[in-house]
Amino acid sequence: MRGSPLAGDACVAPTSSIIITMSTLRITEIFYSLQGETSFVGLPTIFIRLTGCPLRCQYCDTEYAFKGGSLKSFEDIFTELDKINCKRVTVTGGEPLAQRACFELLTELCDKEYAVSLETSGAIDISKVDERVCTVMDLKTPASEESDKNKLENLAFIKKSDQIKFVICDRKDYEWSKEMISTHKLNDKCEILFSASHEELAPKDLAQWILDDNLKVRFQLQLHKVLWDDAKGR
Ligand code: SF4
């Protein structure tokens with residue numbers, strides 16, 4: 001990926017024998033907080049939230065990232081990161097992979113020795129994601145109203161160190177998720193995360209179902225919602 005800028009979001013300008021590459025991304029926010037989900041929950045982390053998402057999950061809590069944002073060069077992004085004394089970064093959205101230069105950013109972050117995780121909807125090809133990145137990929141349940149966007153071919157590119165996340169809205173979603181785990185042997189692939197959709201399913205109900213069925217999944221509460229009531233930039 002490095003040295004091979006992607007069309008549409010990179011500008012290559014030859015000046016005599018020098019090639020200048022200026023990759024840019026539309027960014028909603030960069031902030032420092034505690035990781036609220038995944039197996040990295042509770043760890044201080046820098047979040048880079050990219051603007052835009054082609055999906056419209058009915059429970060989306062980041063609609064403010066659908067539009068707007070500001071264009072930033074990689075240089076701008078790394079200048080902001082350098083101000084924060086933290087080597088753990090989560091690239092999120094919106095849907096970060098909807099901007100093609102995101103793939104290049106992930107590689108640059110790894111090259112600079114950040115521990116990098118990526119939060120992606122599962123609707124975009126992950127095959128070109130740098131293998132040093134921990135990909136946290138959603139499988140959208142029926143109640144999200146976007147399950148037809150699941151790109152199941154992505155499952156072939158999931159590594160042991162990645163994580164697959166289900167946001168569960170009701171019992172039907174739970175049964176569907178169990179079926180997906182069984183059909184696609186997801187427990188053999190990586191860690192599986194189950195979250196209760198905020199204000200749609202009581203977390204204790206989901207917790208009890210998991211215990212009753214002895215599922216090999218990680219139940220998670222969204223720490224940022226418990227701590228900060230889902231405030232923007234936390
Ligand atoms: S994929 Fe994520 S950002 Fe996009 S609509 Fe769904 S929940 Fe919101």
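Two strands count as paired if DSSP finds at least two bridges between them. Helices (H or I, at least four residues) and strands (E, at least two) are DSSP runs, numbered from the N terminus. The model is predicted: local features need pLDDT of at least 70, side-chain atom pairs count only at pLDDT 80 or more, and totals for chains, interfaces and linings use all residues. Residue numbers start from 1 along each chain as its sequence is written.

**View 1. Strand 7 and its partners.** In strand 8 (residues 163–168), Q163 is the bridge partner of V136. Strands 7 and 8 run parallel and share three bridges. Strand 6 (residues 115–120) also pairs with strand 7 in the parallel sense, over four bridges. Here T120 stands opposite M137.

**View 2. The two faces of strand 7.** C134, V136 and D138 point one way; T135 and M137 point the other way. Five of the five residues of strand 7 (residues 134–138) are buried, so the strand is largely enclosed by the rest of the structure. Buried means that 20 or more other C-beta atoms, placed from the backbone, lie within 10 Å of the residue's own.

**View 3. The largest nonpolar core.** This core has 41 residues. A nonpolar core is a set of buried Ala, Val, Leu, Ile, Met, Phe, Trp, Tyr and Cys residues joined through C-beta atoms within 7 Å. I48, V91 and C102 are among those with the most contacts inside it. Helix 2 (residues 101–111) gives the most to this core, with six residues.

**View 4. The ligand shell.** Residues around the ligand include C53, R56, G93 and E95 (C-beta atom, placed from the backbone, within 6 Å).

Methods. Buried ≥ 20, exposed ≤ 12 C-beta atoms within 10 Å, placed from the backbone.
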